[in-house]
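Me: I'd like a quick tour of this structure. Can we go through it in short steps?

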Amino acid sequence: MRKTAMAMFFMASVLVMSGGGAVCATTNPFGLVYEGAITENVEGKVNIHRVKYALHGLEISANVYTPAGYKPDGRYPAIVVAHPNGGVKEQAAGLYAQRLAEKGYVTIVADAAWQGASGGMPRNIDTPHYRTDDIHRMADYISRYPGVDASRLGVLGICGGGGYTLEAAKSDKRFKAVATLSMFNSGQVRRNGYMNSQLDSVQDRLREASDARMLEMTKGEIRYSGNVDFDALTEESIRKIPVELYREGMMYYGKTHRHPNATFRYTTSSLMELMTWDAIDQIELINVPLLLIAGERADSLYMSEEAFLKATGTTEKELFLIPGATHIQTYFVPEYVEKAVYKLDTFYGKHL
């Protein structure tokens, strides 16, 4: 039973969402896998620009979206978008970056260091320190992008990227408005299990993480958690997963919107840092407008609710629920995406 629960935990705790639609990464020239994705840059429309920059000596792969009629000598507000755990810039984060660019913002989304198309070995290190610095570095880059007004900088974090966005915004006062979508507190979930389902095995999992680090240091052997064989998944096996977030995420990632750069796995040694961190510790340091968006039916809603209650450093905060939506559905169902984008545009429009 414990092994089954652990496997389901690892699958769930990295669940993210791509943008929904039938675009295939192998046919879209930019690798995008969400509905309505850009297939070519056309003058007078939203355009996508592939960019690269350095972080920790690694080459980071990012996409910048510019609004229709963009002029390099303009003065545009900008938004940094952080992708979910296990996700890549071509998925959910790309969808929201494109939709916000349609509203007039210059947006940036990057693959986290050691993940996706960004550099770094071993692959798939996933720790709060590095994921947070990814967000700071995106802010560095987009603040100097032609036409961007660095005094009007916002940030949006999706799923696990939402938790890391809260962390980044505690100290990075360049962000004048902070928003999350279906926020996932990775440290809390890695430590306690999803919905606090693994409280009895915290010490065992910390020991496994410590042993994995020892193997890395002494033998160069890398152990991974969250390994999922997408090719072996069947729709029948997915339907049997009892937790909604896990079930919907497996179908989305494994069957309908797969991307070759996206993987649920992460180095087991990452848990040494993840399990001792929490996205909402010292969240009162956020003293700018804060918007937390979540699906009304999401079983992950409790994490956004906890963050909202603890965010006492700002008087301008809101928990906005999308009626009828689950965690995963906020990432691709057109009706729910539309509601989220409208709310985000209203929020950033007021504060940027």
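This is a predicted model: local features need pLDDT of at least 70, side-chain atom pairs count only at pLDDT 80 or more; totals for chains, interfaces and linings use all residues.

Me: How many cavities of 30 Å³ or more does the structure hold?
Reply: Two. On a 1 Å grid over the protein atoms alone, a cavity is a set of points where a 1.4 Å probe fits but cannot get out; a pocket is an open set with protein on both sides within 12 Å along at least five of seven lines. Lining residues have an atom within 4 Å of a point. Points are joined across faces, edges and corners, and a volume is the space filled by probe spheres set on them.

Me: How much space lies in the largest cavity?
Reply: About 80 Å³. It is lined by 14 residues. Gly86, Gln115, Asn124, Thr263 and Arg265 lie nearest its centre.

Me: Which classes of residue are in that lining?
Reply: The largest cavity has four nonpolar, eight polar and two charged residues in its lining. Ala, Val, Leu, Ile, Met, Phe, Trp, Tyr, Cys and Pro count as nonpolar; Asp, Glu, Lys and Arg as charged; the others, Gly among them, as polar.

Me: And what lines the second largest cavity?
Reply: That space is about 50 Å³. Its lining includes Ala82, His83, Arg131 and Met138. Helix α3 (residues 128–143) gives the most, with four residues. Helices (H or I, at least four residues) and strands (E, at least two) are DSSP runs, numbered from the N terminus.

Me: Where does the largest share of the second largest pocket's lining come from?
Reply: From α11, with five residues. β9, β10 and α11 (334–351) each supply at least two residues. The second largest pocket has about 170 Å³ of space. Its lining has three nonpolar, two polar and five charged residues. Among them are Glu316, Lys317 and His351.

Me: New topic. How many salt bridges are there?
Reply: The count comes to 21. A salt bridge is a side-chain nitrogen of Lys or Arg within 4 Å of a carboxyl oxygen of Asp or Glu.

Me: Which residue does glutamate 90 meet in a salt bridge?
Reply: Lysine 89, at 3.0 Å, N to O.

Me: Is glutamate 90 buried or exposed?
Reply: Glutamate 90 is buried, with a relative accessible area of 6%. Lysine 89 is buried too, at 3%. Buried means under 20% relative accessible area, exposed over 50%, and partly exposed in between (1.4 Å probe, protein chains only).

Me: What about aspartate 211 and arginine 207?
Reply: They form a salt bridge, with the closest N and O atoms 3.6 Å apart. The two are four residues apart in helix α6 (residues 202–219), so about one helical turn separates them. Aspartate 211 is partly exposed at 35%, and arginine 207 is exposed at 53%.

Me: Which residues are linked in a network of salt bridges?
Reply: Arg137, Asp140, Asp172 and Arg174. Within it, arginine 174 and aspartate 172 meet at 2.8 Å, N to O. Arginine 174 is partly exposed at 29%, while aspartate 172 is buried at 7%.

Me: Strands next. In which sense do β9 and β10 pair, parallel or antiparallel?
Reply: Parallel, over six bridges. Strands pair if DSSP finds at least two bridges between them. Isoleucine 293 stands opposite phenylalanine 320 in β10.

Me: Last one. Where is glutamine 282?
Reply: In the loop between α9 (271–274) and β9 (290–295). Glutamine 282 counts as exposed, because its relative accessibility is 53%. Its C-alpha atom is 8.4 Å from that of lysine 310, which is 28 residues away along the chain.

Key: Residues are numbered from 1 along each chain as its sequence is written. Side-chain values use heavy atoms; hydrogens and water are left out.
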